[in-house]
Amino acid sequence: MVQFLFLVIAALGLLTALGTVLARNLVHAALFLVAFFFTIACQFVLLEAEFLAALQVLVYIGAVAIILMFGIMLTRNIQGDDTTIVTAAWRIPGLVAGLCVFVILAFGINSAVAPAGHSYWSESNMRPSIAADAGSSKATAVRREAVNNMARTVGNELMTRYVVGFEVAGLLLTVALVGAIALAHREEAEPAAPSRGEQPARRTSASPQPQAAGPSLVSSGASPPR
Amino acid sequence: MASDIPLNWFLYFAAASFSIGLVGVLVRRNAIAVLMAIEIMLNAANVNLVAFWRYGNPPLGAGPLPGVILALFVITVAAAEVAVGIGMILLCYRRWHAADVDRYDSMSG
């Protein structure tokens, strides 16, 4: 039963990942990506990490997907959606590279390598039990406590054992926040982005509306503002 | 549980997802699509981390859930990366008026 559930979820996950990669419309790709994140959350539930599944839904679906949607809306392609896939000359090497990586990873998963005194991890068909029976050891009790009260255990671990990583992660998030704002801040002197409709130029001739983006704009017109 | 899921299944799923994400990075041209494919790869790595945490026995000094904490940090770094990446894509879009990665060729000789 659990195996059947895993197969269904894995098939859905792979299909949605393929849809994310192959969809021509970027909005469709983002929606496929949301579905993929949800199947990953389902995988976490199957692995008995429910707190991580909730976090996955909150952070990825709630924040990352929304940011990507905003990005798609703000950088809508002028030419349309036809240019989001490269030409066929680059498609075949990309597929070959992906296939080769999968073959190598599958070979690594299949080949049984184990440190001395351990069983082959590629043959572990049963997860360690966390049932509270008589013969359970202390490590099993610790793990049962961690699985059943994962949020509390994660908080304790972050405040004791991983406090340095926790602080560095907080610093990283602060830097990312400030950096994203500094990057996306629009200078006042900069000409406005071209709108889709044919609007009359609001400014004087000092800042003409750019024409359709061509190579000449890249080579000559766009000097980076310092 | 009588019939548990083998560990290999999770690993194969993660490997397949990672390969799909790699193909997306190589094949897609839009910068936001490339960012999405990177997210797919990071999620595949997270599945691996949590699977090894649940199926293996952590060493003595590692605490009860090392894989989960590492996956948590990966999620944090991925969120920061997406925020900065979208900011940079918006900046490039404003300068080149395109979101395609092969248009950003100012430094190519």
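Here is a friendly talk about reading helices, domains and chain contacts in a predicted model.

Trainee: Where do I start with chain A, and what is its make-up in helices and strands?

Mentor: Start by listing the elements. Chain A has 8 helices and 0 strands. Read along the sequence, the pattern is α-α-α-α-α-α-α-α. Remember as we go that the model is predicted.

Trainee: Into which domains is chain A divided?

Mentor: There are two entries to look at: domain 1 covers 1–110 and domain 2 covers 136–184. Their centres, taken over C-alpha atoms, are separated by 25 Å.

Trainee: How many residues of domain 1 of chain A are in contact with domain 2 of chain A?

Mentor: In chain A, 4 residues of domain 1 are in contact with 4 residues of domain 2. On the domain 1 side, those residues divide into 2 nonpolar, no polar and 2 charged.

Trainee: How do I describe two helices that pack together?

Mentor: Two packed helices are described by the angle between their axes and the distance between the axes. Take α2(A) and α3(A): their axes come within 8 Å and cross at roughly 170 degrees. Angles over 145 degrees count as roughly antiparallel, so α2(A) is roughly antiparallel to α3(A).

Trainee: Which residues in α2(A) and α3(A) meet?

Mentor: From α2(A), they include Leu33(A), Phe37(A), Phe38(A) and Phe44(A). From α3(A), among them are Leu52(A), Val57(A), Tyr60(A) and Ile61(A). By class, the residues of this contact divide into 20 nonpolar, 1 polar and 1 charged.

Trainee: How does the reach of α3(B) compare with what is expected at 1.5 Å a residue?

Mentor: Look at the distance from the first C-alpha to the last. Helix α3 of chain B, residues 66–96, has 31 residues and reaches 44 Å, close to the expected 45 Å. Just after α3(B), His97(B) takes a positive phi of about 60 degrees.

Trainee: Is Tyr55(B) buried or exposed?

Mentor: Count its neighbours. A residue is buried if 20 or more other C-beta atoms lie within 10 Å of its own. Tyr55(B) has 22, so this residue is buried. Its place is in helix α2 of chain B. The C-alpha atoms of Tyr55(B) and Leu65(B) are separated by 12 Å, and these two residues are 10 residues apart along the chain. Over in chain A, 20% of the 226 residues count as buried.

Trainee: Finally, how many residues of chain A are in contact with chain B?

Mentor: For a contact between chains, count each side. Here 83 residues of chain A are in contact with 71 residues of chain B. Elements giving two or more residues to the chain A side include α1 (2–22), α5 (138–148) and α8 (215–221). The largest share, 11 residues, comes from α4(A). That side of chain A divides into 59 nonpolar, 17 polar and 7 charged residues.

Key:
Residues numbered from 1 in each chain as written. Chains lettered and ligands numbered in written order. Predicted model: local features only at pLDDT ≥ 70, side-chain atom pairs only at ≥ 80, totals over all residues. Domains from an automatic or database assignment. Contact = placed C-beta atoms within 7 Å. Nonpolar A, V, L, I, M, F, W, Y, C, P; charged D, E, K, R; others polar. Helix = DSSP H or I, 4+ residues; strand = E, 2+ residues; numbered from the N terminus. Buried ≥ 20, exposed ≤ 12 C-beta atoms within 10 Å, placed from the backbone. Axes fitted to C-alpha atoms, helices over the stretch in contact; angles between N-to-C directions. Parallel < 35°, antiparallel > 145°, perpendicular 65-115°, else oblique. Expected span 1.5 Å × (residues − 1).
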